[in-house]
Amino acid sequence: MFHVKLPGHDAIARQADEHLVTHRVKLPRRVVERPLRQVGKRLLMALFVLALTILIVYVDREGYHDNANNEVDLLDASYYATVTLSTTGYGDIVPHSDSARFTNILLITPLRVLFLIILVGTTLEVLTERTREEWRLSRWRSNLRDHTVVVGFGTKGRSAVQTLQATGLKPEQIVIVDPSSKAVDAATTEGFAGVVGDATRSDVLLRAELQRARQVIIATQRDDTAVLVTLTARQLNRGAKIVTAVREEENAPLLRQSGADAVITSASAAGRLLGLSVLSPSAGLVMEDLIQQGSGLDLVERPVIKAEVGRGVRETDDLIVSVVRGHRVLGYDDPAIGELQLTDRLITIVRASPSPTVTSPAASAESWRSPRQG
């Protein structure tokens with residue numbers, strides 16, 4: 001029986017601090033004006049049209065007739081402009097001269113139409129934007145396949161996403177799940193789709209289309225949360241590759257039993273790197289370079305090409321550190337490797353390309369070729 005150790009507090013438990021709206025999907029935002037600014041502009045335009053109409057009526061006030069006192073002053077002009085633009089039209093003030101009626105035809109009527117367009121346009125803009133957003137969301141769901149779901153957009157989650165992008169994965173193939181609206185807003189700003197909600201709930205993961213994902217990265221802050229998310233994710237998707245981060249090494253076996261394909265112990269890994277850097281600073285720099293994709297030396301996994309079948313590990317052009325055969329990972333000096341087989345996969349060290357173009361580890365092995373070692 002394994003017991004989950006609970007270190008610290010987690011981002012998944014932030015609902016008490018932030019009044020969260022669960023089950024909400026956010027797509028990458030387009031550059032648009034703020035709603036208040038849009039409404040402010042429309043209001044200023046409406047006031048300008050109203051002021052212009054008042055000025056026109058007041059200038060031509062001799063051509064208007066007031067049933068009350070036969071005179072039209074500034075207040076009467078303002079009153080007439082208001083009821084006219086709002087299409088109320090009580091009829092107590094009317095244009096009676098030819099010039100006033102001609103002015104109503106050429107100026108007042110177009111201004112009335114413009115005023116209504118401005119007022120109604122605000123409502124139409126809201127409805128149109130909502131419809132457009134629903135259409136984008138529907139289209140996004142229908143096109144999303146073989147993507148990567150990242151649970152937790154904290155330090156670990158961000159670093160994982162940066163590594164994925166360094167290998168060529170596009171932002172539209174990454175979906176972020178986090179209970180914090182601020183974290184999801186930050187993700188959408190960077191071009192990722194996001195789901196606000198508790199990832200331990202299956203309906204939240206379904207909104208991230210996890211059932212159709214190729215791989216899942218779980219980077220929560222609490223180990224018990226990681227266990228629940230892993231169990232839920234494995235139940236929804238039996239074939240996805242699930243990688244989970246934990247703080248305490250003693251919780252790693254429980255994560256593997258829960259369905260994780262790989263478990264990374266963040267605290268222990270950092271401690272081992274610290275110890276290595278103390279013993280050999282240069283070796284520590286090399287290890288840090290290897291785990292930082294996109295610069296210097298990179299660790300990559302690729303399939304065996306036909307030209308390498310039947311050769312030994314040392315007879316290939318690349319620097320091979322391990323051979324993946326079935327479910328076993330064999331060191332480069334393991335006698336069990338013998339000759340390379342077509343079904344093997346090689347873990348090699350290559351020089352990082354300045355602009356990576358490979359989009360997945362399953363790409364052609366020729367894309368991972370490094371210069372022949374001398």
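I count a contact wherever heavy atoms lie within 4.5 Å.

**Entry 1: ground rules**

I am reading a predicted model, where local features need pLDDT of at least 70, side-chain atom pairs count only at pLDDT 80 or more, and totals for chains, interfaces and linings use all residues. Residues are numbered from 1 along each chain as its sequence is written, and side-chain values use heavy atoms, with hydrogens and water left out.

**Entry 2: overview**

I looked up the helices (DSSP runs of H or I, at least four residues) and the strands (runs of E, at least two), both numbered from the N terminus. The protein has 10 helices and 13 strands. I take buried as under 20% relative accessible area, with exposed over 50% and partly exposed in between, using a 1.4 Å probe and protein chains only. Of the 374 residues, 40% count as buried. Among contacts with a separation of 6 or more, 68% come from residues 24 or more positions apart.

**Entry 3: Thr-265**

Is Thr-265 buried or exposed? It is buried, because its relative accessible area is 8%. Beyond its neighbours within four places in sequence, Thr-265 is in contact with Val-246, Arg-247, Glu-248, Glu-249 and Ala-252.

Next I followed helix 4, residues 155–166, which has 12 residues. From first C-alpha to last it reaches 17 Å, close to the 16 Å expected at 1.5 Å a residue; the expected span is 1.5 Å times one less than the number of residues. Its buried residues are Gly-157, Ala-160, Val-161, Leu-164 and Ala-166. I found the buried residues of this helix packed against strand 4 (148–151), strand 5 (174–178) and strand 7 (215–218). Just after the helix, Gly-168 takes a positive phi of about 105°.

In strand 4, Thr-148 and Val-150 point one way, Val-149 and Val-151 point the other way, and all are buried. I call two strands paired if DSSP finds at least two bridges between them. Strand 4 pairs with strand 5 in the parallel sense over four bridges, and Thr-148 has Ile-174 as its bridge partner in strand 5.

**Entry 4: the cores**

By nonpolar core I mean a set of buried Ala, Val, Leu, Ile, Met, Phe, Trp, Tyr and Cys residues joined through side-chain atoms within 4.5 Å. Which residues touch the most other members of the largest one? They are Val-149, Val-151, Val-177, Val-195, Val-216, Ile-218 and Leu-255, out of 29 residues. The largest share of this core, four residues, comes from helix 7. A second, separate core of 17 residues includes Tyr-64, Ala-77, Ala-81 and Ile-108.

I then turned to an open sheet of four strands, in the order 10-13-11-12 with antiparallel pairing. Strand 10 (297–303) and strand 12 (328–331) are its edges, each pairing on one side only. Five bridges join strand 11 (residues 319–325) to strand 13 (residues 345–351), and Ser-322 has Ile-347 as its bridge partner in strand 13. Helix 10 (residues 281–291) packs on the sheet, touching strand 10 and strand 13, and its direction makes about 50° with that of strand 10. Such angles run from 0 to 180 degrees between N-to-C directions, with axes as lines fitted to C-alpha atoms, for helices over the stretch in contact.
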